[in-house]
Amino acid sequence: MIAPKFRTLPPSAAPLHGRDILAGIRALGRPHEAAEEFRQSIQKKFGVRHVFFTTSGRAGLSAGLRALRRLNPDRDEVLLPAYTSFSVPSAVVNAGLRVSLYDLHPETLAPDLDSLAAALTPNTLCVVACHLFGYPLDLDPLRELCRAGGAALFDDAAQAMGASIGGKLAGTMGDVGLFSLSRGKNMTAVDGGIVLTDRDDVAEGLAALVPEPAGFSARHVAQSLMLLAMLHPRAYWLPASLPFLNIGASVFDPVFPMESMDSWRTGLAGSVLERLDALNAGRKNVAASLLSKLDKMDGVRAIRPLPEAEPVFLRLPLLPEKGVWPHGRVPEISEMGVVRSYPLALQDIASLKPHLAGSGNCPVAALLAENLLTLPTHSFVQDADLMAMTGILKEISETVENTTNWLPGCSVQTIMENKA
Ligand SMILES: *Cc1c(COP(=O)(O)O)cnc(C)c1O
């Protein structure tokens, strides 16, 4: 393998430090205490009563859904945003449930409440809300709809650990909440999931499903050490090419293990959690600089945070002003971490189709899958990178502004009009 000479920025990164590794090593000798300490830190920071740890966010989501199903065995549909991580439908199918879909608003990525209300049926077990890219959603209107429809609300904050809206923390606004510690999230322990709930009945179900943290695997220790070394911009080409890290890949795969987080990762995660606020503050600074530069460009617009939102900007998502890029060509700059996000709306994943309930007509999600561009905000992004990225985007946005060659019938305008 030949190392490229240029810097390669990962799309997202939450680097591990030497002292996180030490905390992981120390936890190996005291697994129970390390897990308890981490649990108490999460309880305190997020003000929740029950906290469970799983091997992955998907496993946590699946466990939460199974715990809800136990309380409501007659309902088997889970209502998802049609544009989100493929881990989300993977978890639904893993839990033996069916997927139905609602659309999003192209300006904010918030749920389209009309679409959500139309998809809610007497079979809906729960509605999952995803705070995409660290932009917190207002879940009050969703909670109302759920209550009226007899469904539960799942607050998936896998991309928004530490974000808040009107003083309420993402992950704590539903019947069950989720954080992910996978690579590419707000903070990472290589992988892992955290499930939160204040409901005793849900916690009882989770306790029966999720084993207590114990043991460790040498493979995870090795992966952590490689990740520690290799998310650096001069080394990123290597992990980007290592299949086991699966960085940046979107796969629908309902088969995955339901194990507890091992002691290595609880120790590691406990140490990283102390830096969460600093990691988020750093991303916010990078996002602020990017936003100030993007503000002056006419052809593109960043996704807008909701009123009273305190986003944590896992990445900075933007769209061309007219919804679609000229000639359908998304200006990805992969060596700078400027990439599209999920390649398909969920209704367009072929292997998910047998598990879909309902029509799955979500045109904005399809538009987002085609056109949303995300910029990196992590700590390796330097001023020179910001200048280079926005310089390239400026040139493109000027083309966007002047072009007349739009894909027919595909702009946000026409999609919104066709829906009305
Ligand atoms: C990452 C993610 C998850 C969980 O994914 P894992 O990779 O299994 O940790 C769940 N929901 C959303 C929205 C995510 O981005």
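**Notebook: salt bridges, ligand shell and backbone checks**

I looked up Asp76 first: its relative accessibility is 22%, and Asp76 counts as partly exposed. For this residue the cut-off matters, because buried means under 20% relative accessible area. I note here that the model is predicted.

**Entry 1**

I took the pair of Arg98 and Asp76 first. Their closest N and O atoms are 3.5 Å apart, and the pair forms a salt bridge. I placed Arg98 in strand β3 (residues 98-102) and Asp76 in the loop between α3 and β2 (77-81), so this pair ties together parts that are 22 residues apart in sequence.

I then took the pair of Arg98 and Glu77. Their side chains meet in a salt bridge with an N to O distance of 3.2 Å. Here strand β3 supplies Arg98 and strand β2 supplies Glu77, so the pair ties together parts 21 residues apart in sequence.

Is Glu77 buried or exposed? I read 7% relative accessibility for Glu77, which counts as buried. Arg98 has 34% and counts as partly exposed. I conclude that Glu77 falls in the buried class because its 7% is under the 20% cut-off.

I searched the whole structure for salt bridges and have 16 on record. One that I looked up joins the side chains of Arg70 and Glu204, at 3.4 Å from N to O.

How accessible is Arg70? I noted 45% relative accessibility, so Arg70 counts as partly exposed. Glu204 has 53% and counts as exposed.

**Entry 2: the ligand**

I listed the residues around the ligand and got 16, of which Arg58, Asp156, Ser180, Ser182 and Lys185 come nearest. By class, I recorded five nonpolar, eight polar and three charged residues in this shell.

I then went through polar side-chain atoms facing oxygen atoms of the ligand. For Ser87, an N or O atom of the side chain is 3.2 Å from a ligand oxygen. For Arg58, a polar side-chain atom lies 2.7 Å from an oxygen atom of the ligand. For Gln159, I also read 2.7 Å between a polar side-chain atom and a ligand oxygen.

How much of the ligand does the protein bury? Taken alone, the ligand exposes 380 Å², and the protein buries 95% of that area. I checked which elements give two or more residues to the shell, and they are α3 (57-71), α4 (87-94) and β8 (176-180).

**Entry 3: Arg275**

Where in the chain is Arg275? I found Arg275 in the loop between α10 (263-273) and α11 (276-294). Its relative accessible area is 9%, so Arg275 is buried. I left aside neighbours within four places in sequence and looked at what remains in contact with Arg275: Pro15, Leu16, His17, Arg19 and Asp20.

I looked for a positive phi in residues other than glycine and noted Leu109, with a value near 65°. Leu109 is in the loop between β3 and α5 (113-119). I read a relative accessible area of 4% for Leu109, which is therefore buried.

I also noted Val190, which is not a glycine but has a positive phi of about 75°. Val190 is in the loop between β8 and β9 (193-197). Its relative accessible area is 1%, so I class Val190 as buried.

**Entry 4: the whole protein**

I count 14 helices and 14 strands in the protein. Of the 420 residues, 56% are buried. The protein exposes about 16,800 Å², with 53% of that supplied by carbon and sulfur atoms.

What share of the contacts with a separation of 6 or more comes from residues 24 or more positions apart? I have 76% for the protein.

Definitions and conventions:
Residues numbered from 1 in each chain as written. Predicted model: local features only at pLDDT ≥ 70, side-chain atom pairs only at ≥ 80, totals over all residues. Heavy atoms only, no water. Near = heavy atom within 4 Å. Polar contact = N/O pair within 3.5 Å; in protein donor to acceptor, adjacent residues only side chain to side chain. Areas by Shrake-Rupley, 256 points an atom, 1.4 Å probe, with all protein chains shown as cover. Helix = DSSP H or I, 4+ residues; strand = E, 2+ residues; numbered from the N terminus. Nonpolar A, V, L, I, M, F, W, Y, C, P; charged D, E, K, R; others polar. Buried < 20%, exposed > 50% of the residue type's maximum accessible area, 1.4 Å probe, protein only. Contact = heavy atoms within 4.5 Å. Salt bridge = Lys/Arg side-chain N within 4 Å of Asp/Glu carboxyl O.
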